[in-house]
Amino acid sequence: MHPERRDSFFGRRKGKPLRPRQQALMETLLPQLRIDIEKPPPRSLADLFDHRPDAVCLEIGFGGGEHLIAQAEANPDHGFIGVEPFQNGMAKALSAIDRLHLGNIRLFDQDAAWLLDWLPPHSLARVDLLYPDPWPKKRHWKRRFVSKANVENIARVLKPGGLFRFASDIDTYVTWTVEHLADRREMVCRRKTEAEWSEPWPGWKQTRYEAKAIREGRPAAYLIFERT
């Protein structure tokens, strides 16, 4: 590991054994789409994509890829970077990318904090953090991805007018996030009431984590912060 890198990922990296087709995509397609942070970042993130998009968005911890894939399909002129260290989630996303022939997605399968450190300033139109691992026990809260360092980096990589969107069904994590963002004057909360929080933003694609939360009776909050 690079000595300057800080760790923000504490979850599992592997689950059930992959199916042969999934394993093949991990070995062939992922290397084509993976962002190499050992190289210097490009002057423009558009250079990562063949179609040179005007806007590039980042999704941190995309799970099974439902939201990432839906966004890429609905916005072919945009570029999307998806981060997911969990091997089985990455394999599901690769299967969808291959099936749908999506050329506007790039991937990173390591700690998202490392990618944030690498990204150029003011290079992203949006950062999505959807249903992150809540680490519900108080002694584990320091493992939450929303931290002083990561919030500072999210603010650094967003363009003026760019959005940070956060969704969670864990009320302590929602409060935690609001409090961490309150310390950043350049990040303005665009949803200030709990009534506004309860409404998914336009174009929302339900994830399997949200479906589980709804089944178990846990309402979600959808926060939006704008970089000034």
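Colleague: What radius of gyration does the protein have, and which value would a compact globule with 228 residues have?

Modeller: This is a predicted model, in which local features need pLDDT of at least 70, side-chain atom pairs count only at pLDDT 80 or more, and totals for chains, interfaces and linings use all residues. Residues are numbered from 1 along each chain as its sequence is written, and side-chain values use heavy atoms, with hydrogens and water left out. The radius of gyration is taken over C-alpha atoms, and the globule rule is 2.2 Å times the number of residues to the power 0.38. For 228 residues a compact globule would have a value near 17 Å, and the protein agrees, with 17 Å.

Colleague: What percentage of the 228 residues in the protein is buried?

Modeller: Buried means under 20% relative accessible area, exposed over 50%, and partly exposed in between, with a 1.4 Å probe and protein chains only. By this criterion the buried share of the 228 residues is 51%.

Colleague: Which residues of helix α2 are buried?

Modeller: Helices (H or I, at least four residues) and strands (E, at least two) are DSSP runs, numbered from the N terminus. Helix α2 spans residues 66–74. The cover over its buried residues includes β1, β2, α3, β3, β4 and β5, where contact means heavy atoms within 4.5 Å. The buried residues of α2 are H67, L68, I69, Q71 and A72.

Colleague: Which side chain of opposite charge is nearest to E210?

Modeller: E210 is found in helix α8, residues 208–215. Leaving aside neighbours within four places in sequence, E210 is in contact with Y131, W204 and Y222. Lys and Arg count as positive and Asp and Glu as negative, while His and the chain ends are not counted; a salt bridge is a side-chain nitrogen of Lys or Arg within 4 Å of a carboxyl oxygen of Asp or Glu. E210 is buried and has no salt bridge, and the nearest side chain of opposite charge, 9.6 Å away, is K205.

Colleague: How far apart in space are H122 and C57, C-alpha to C-alpha?

Modeller: H122 lies in the loop between α4 and β4. Not counting residues up to four places away in sequence, H122 touches R156, V157, L158, K159, P160 and R227. H122 and C57 are 65 residues apart in sequence, and their C-alpha separation in space is 12 Å.

Colleague: Why is H122 classed as partly exposed?

Modeller: The class follows from the relative accessible area of H122. H122 is partly exposed because this value is 41%.
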